[in-house]
Amino acid sequence: MSAEDEIEGFEDETESEVPSQWLTTLADLSLLLMAFFILLFSMSSLDTKKFTDSFQSVKKAMGAKGKELMTSPISVQDVSVMVEQAKLKQQIINEQRKVYNDFRSYVSSKGVEGVVAATLEAGKITLNMPSGVLFDKDSAELSAKGKTLLDTMFDFLIKMPGERVNIRGFTDNLPPPQGSRFHDNWEVSAMRAVNVLRYLVAKGMPPNRLTATGLADLEPLYPNSTEENRAGNRRVEFVLERWIGE
């Protein structure tokens, strides 16, 4: 064979390897995508046997590469725990969605839907009311109007023993006025949250269901650039999270 024939043969061999390498990469990518969607499907159906079978099939299909990707083996028991945790989380989200819908119907029936705003995110319910409807200006003592509104809140919350409630106080970014008994906004927000907690406990709310937090001017809802925005940032929130009984 001449030198020219050897060079041509080498070029042909090189050219034939290029598409082969491309197909290998595509096959690996397709396999990983298939594994991803199989796992998603298994988790969505929350079927332990299906999840385990799918996982083992993917592991077998990936062979040595699958072993390289896994830093530690996953047993059937581990998969079962993962599925149970996913089922519990979904159950909590469904229950919280019902509580959220019940609350919206409740405040509508009481005529305070324009005062108390409610949001639901990842199983956490946040009830928001402006400080101005609970406290007089620059005060941490509940007003008569504020107590009436908290009576309405109490009547709903007391019927939801599965909810733990974190009462969070917020202020705007302006410091307390000169001569105020409060040193700073931390103290203002904390005392407002505590006084709301004390009122609900005095009404009969189990203390172990409540916590109080003062967050001053952290986490503003709006830029503190106008009085209207600052009034929106001065608020008390009730954060409801599902309580898994001991």
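## A loop between two strands

Ala122 sits in the loop that connects β1 and β2. In this predicted model, the phi angle of Ala122 is near 50°, a positive value in a residue that is not glycine. Is Ala122 buried or exposed? Its relative accessible area is 71%, and because exposed means over 50%, Ala122 counts as exposed.

You will find Ala216 in the loop between β4 and α6, the latter covering residues 227–233.

## The chain as a whole

Stepping back, the protein chain contains six helices and five strands. Read from the N terminus, these elements follow the order α-α-α-β-β-α-β-α-β-α-β. The chain has 246 residues, and 33% of them are buried.

Which part of the contacts links residues 24 or more positions apart? Among contacts with a separation of 6 or more, such pairs account for 69%. The accessible surface of the protein chain is about 15200 Å², and carbon and sulfur atoms hold 57% of that area.

## The sheet

The five strands build an open sheet with mixed pairing, in the order β1-β2-β5-β3-β4. At its edges are β1 (117–121) and β4 (210–214), each of which pairs on one side only. From one strand to the next, the twist averages 20°.

Inside this order, let us look at one pair. Strand β3, residues 163–170, and strand β5, residues 235–242, run antiparallel and are joined by eight bridges. Within this pairing, Asn166 stands opposite Val239 of β5.

## Helices against the sheet

Helix α5, residues 185–203, lies across β3, β4 and β5. Relative to β4, helix α5 runs at about 165°.

Ser143 belongs to the loop between β2 and α4. Its relative accessible area is 11%, and as buried means under 20%, Ser143 is therefore buried. Which residues does Ser143 touch, leaving aside those up to four places away in sequence? They are Val133, Leu134, Phe135 and Asp136.

## The largest pocket

For anyone thinking about open space in the model, the largest pocket holds about 360 Å³. Of the 21 residues that line this pocket, Lys137, Asp138, Asp172, Arg192 and Arg234 are the closest to its centre.

Which helix gives the most to the lining of the largest pocket? That is α5, with three residues. Both α5 and α6 supply at least two residues each to this lining.

Key
Residues are numbered from 1 along each chain as its sequence is written. This is a predicted model: local features need pLDDT of at least 70, side-chain atom pairs count only at pLDDT 80 or more; totals for chains, interfaces and linings use all residues. Side-chain values use heavy atoms; hydrogens and water are left out. Helices (H or I, at least four residues) and strands (E, at least two) are DSSP runs, numbered from the N terminus. Buried means under 20% relative accessible area, exposed over 50%, partly exposed in between (1.4 Å probe, protein chains only). Contact means heavy atoms within 4.5 Å. Accessible areas come from the Shrake-Rupley method with a 1.4 Å probe; for residues, only the protein chains shown count as cover. Two strands pair if DSSP finds at least two bridges between them. Axes are lines fitted to C-alpha atoms, for helices over the stretch in contact, and angles run from 0 to 180 degrees between N-to-C directions. On a 1 Å grid over the protein atoms alone, a cavity is a set of points where a 1.4 Å probe fits but cannot get out, and a pocket is an open set with protein on both sides within 12 Å along at least five of seven lines; lining residues have an atom within 4 Å of a point. Grid points are joined across faces, edges and corners, and a volume is the space filled by probe spheres set on the points.
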